[in-house]
Amino acid sequence: MSASSQAPITFQPGANADDKDTKKSEDVPANAVSATPKKKEPPPESPESVRQRIYVVLSFWAIILIFGLPIWWKTTAIYRARLPLDQMMDWADGRACRPVFPLRISIEADSLQDHEAQHLLRTTQHALDDLNDFSAHHLRLELSPSNASTAVTGLSTGGVENEELALVIRLLPGTTTKADLQSYAPILDIYYTANQIPSSSSSSSSLGNYIANRLRGMFAEEQAMISYLLSTSSAPPERSPKALAPEVAESLAKWTTRSMKYSRTYHLTFSLFTPTATPSSWDIASALEEHLKPLLESFSSISNFTIDTQVQLYATPGVSGNVLKKEDLSGFINAAEWPLSPSIGGAPTINFIMYVGDMEVEGGGKSWLIPQWGGVVIQSDISDLRPAMLIFSNQLMSLLGAPESGSLPLRLMTLVRVRSAGLLLKASGTMGSLARLTLALPSISIPRSVADGVYTTIEHLRKACDGLGGQEALENARIAEEAAEKAFFEKSMVGQVYFPDEHKLAVYMPLLGPVGVPLVMTVLKEVRAWRKRSRGSR
């Protein structure tokens, strides 16, 4: 049959599509334009443009590196003057100065022959050296010029002109052995008997031992005060004085707490406070002239004083009652209502208050001392101010740091030596603190004025150390202490301490960010372009 003779038909899925595409492509004219957009490449950059762009980037960086960074460094750099840190630490550690107080004591022995006086001087000096266990405080005996006709080996016989005599001993013949210290002159009269004159063959004498023991007792308090100051300083162990007895150390600790800081000028304020309208005046001018002015004149070589007075009516104390307990004394001063100026003209003020009333301190007494501030006297009758002036005089001596025993000239001379030692040690300690501060804070500024103050301090410290014991040493120590304090508390140094690195970052980032980021990104972009051109040229 015809149906069985037909060939089988095979279906191919992609045949018709390919035939259609082939047919379409054959139907497209040869000059037809494709509607699909092609990606355009930028025109090749000329070498001149590349070099120009590189020059522009380099010019910006050159301006920053050559002009910007030096100007920024110069305007923001912290000036640090060069300090002699090694010398400062030597003074602080006690290696630059060994405080020595050679006290010159002159002996007048007109009643003795020259060889007898020289032998007595020798035996007395040996007795003193045996008793002395503190080498920094040395009593050096010498004969007065009338007896010093010949030199004595190992002893001072003529004295040094620029050194001051601490004491003059006058040997006077008498019926008994006794000593009499004059009240208003540094003169000690010692009476001896004829059998106490040592023979030339004797190695010791009773008179020499008596003089040595007497001198040791007179200068024991001064020696303890200087020893206490040195023991509280940073002196090397080999130079530290012998440990003081606990009760002596406690007494000296109270002395340092009670005393005012040394000043070349003090202001004294004498105030009369009364709870009623009377008395409205007091004869303070004549009382000061008669009882206090001589004492202040004796202090002229140590400190100067200015004085003012005042009267306050209806003044109510801070505590009530006729018997004041010891715990009430600190609240007696009514600072809120009483016109007490803390300081006048920059000088430390010492207040002396006389309160009119019948109060008394528990246990007896109507006066007390306020450490580093002043004194109070309660007196019901002010017609006679002499008792109060005597109390104020003793309180003033205590507040100024004078020793409690001895005649007035000896107490003042001791005060000179003690104040010299205290100021020297304090200035040395300040130098050490400044040196440690400089090393600990490298970002702190050190102006030139600080360096000048340091060199001034060191210069006067040397002078004070070389002449300890005299008035010049006190003046040099005072200048050194003032210069050291001024250098340490320089205002421009303190401000840099409160300027941390985080604050610097907060200041610089808003300025450097907008400027630095485009410059850095441009450099990175140019580096990538250069690497691309290098790969393309290969």
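This is a predicted model: local features need pLDDT of at least 70, side-chain atom pairs count only at pLDDT 80 or more; totals for chains, interfaces and linings use all residues.

Residues are numbered from 1 along each chain as its sequence is written, and side-chain values use heavy atoms, with hydrogens and water left out.

The chain holds 14 helices and 13 strands; helices (H or I, at least four residues) and strands (E, at least two) are DSSP runs, numbered from the N terminus. Of its 538 residues, 38% count as buried, where buried means under 20% relative accessible area, exposed over 50% and partly exposed in between (1.4 Å probe, protein chains only). Among contacts between residues at least 6 apart in sequence, 73% join residues at least 24 apart, a contact being heavy atoms within 4.5 Å.

**The five-stranded sheet**

- Five strands form an open sheet in the order E2-E1-E3-E5-E4, with mixed pairing; two strands pair if DSSP finds at least two bridges between them.
- Strand E2 (137–143) and E4 are the edge strands, each with a single partner strand, so one side of each has no neighbour in the sheet.
- On average, neighbouring strands here are turned by 25° against each other, direction ignored.
- Strands E3 (residues 165–173) and E5 run parallel and are joined by six bridges. Arginine 170 has aspartate 189 in E5 as its bridge partner, and proline 173 stands opposite tyrosine 192 in E5.
- Helix H4 (residues 114–131) packs on this sheet, where it touches strand E1 (101–108), E2 and E3, and its direction makes about 175° with that of E2. Axes are lines fitted to C-alpha atoms, for helices over the stretch in contact, and angles run from 0 to 180 degrees between N-to-C directions.
- E1 and E3 also pair in the parallel sense, over five bridges, and serine 106 has valine 168 in E3 as its bridge partner.

- Five of the five residues of strand E13 (residues 374–378) are buried, so the strand is largely enclosed by the rest of the structure.
- In a regular strand, side chains alternate between the two faces of the sheet. In E13, Gly374, Val376 and Ile378 point one way and Gly375 and Val377 the other way, and all are buried.
- Strand E10 (residues 347–355) runs parallel to E13, with five bridges joining them; phenylalanine 352 has glycine 375 as its bridge partner.
- Strand E12 (residues 367–370) runs antiparallel to E13, joined by four bridges, and leucine 369 stands opposite glycine 375.
- The hairpin of E12 and E13 has three residues between the strands, and glutamine 372 takes a positive phi near 55° there.

**Helices H6 and H10**

- Two packed helices are described by the angle between their axes and the distance between the axes.
- For helix H6 (residues 220–231) and helix H10 (residues 408–440), the angle is about 5° and the axes are 10 Å apart. That makes H6 roughly parallel to H10; angles under 35 degrees count as roughly parallel, over 145 as roughly antiparallel, 65 to 115 as roughly perpendicular and the rest as oblique.
- From H6, Glu222, Met225, Ile226, Leu229 and Leu230 meet Thr414, Arg417, Val418, Ala421, Gly422 and Leu425 of H10.
- Sorted by class, this contact has seven nonpolar, two polar and two charged residues. Ala, Val, Leu, Ile, Met, Phe, Trp, Tyr, Cys and Pro count as nonpolar, Asp, Glu, Lys and Arg as charged, and the others, Gly among them, as polar.

**Two loop serines**

- Serine 183 sits in the loop between strand E4 (178–181) and strand E5 (187–192) and, at 47% relative accessibility, counts as partly exposed.
- The C-alpha atoms of serine 183 and glycine 406 are separated by 8.4 Å, though these residues are 223 apart along the chain. Leaving out residues up to four places away in sequence, serine 183 touches Ser407, Leu408 and Pro409.
- Serine 259 belongs to the loop between helix H7 (246–258) and strand E6 (265–273); at 8% relative accessibility, serine 259 counts as buried.
- The side chain of serine 259 reaches the backbone oxygen of tryptophan 255 at 2.7 Å.
- Not counting residues up to four places away in sequence, serine 259 touches Gln372, Ser398, Leu399, Gly401 and Arg419.

How values were computed: A polar contact is a pair of N or O atoms within 3.5 Å; within protein, one must be able to donate a hydrogen and the other to accept it, and residues adjacent in sequence count only if both atoms are side-chain atoms.
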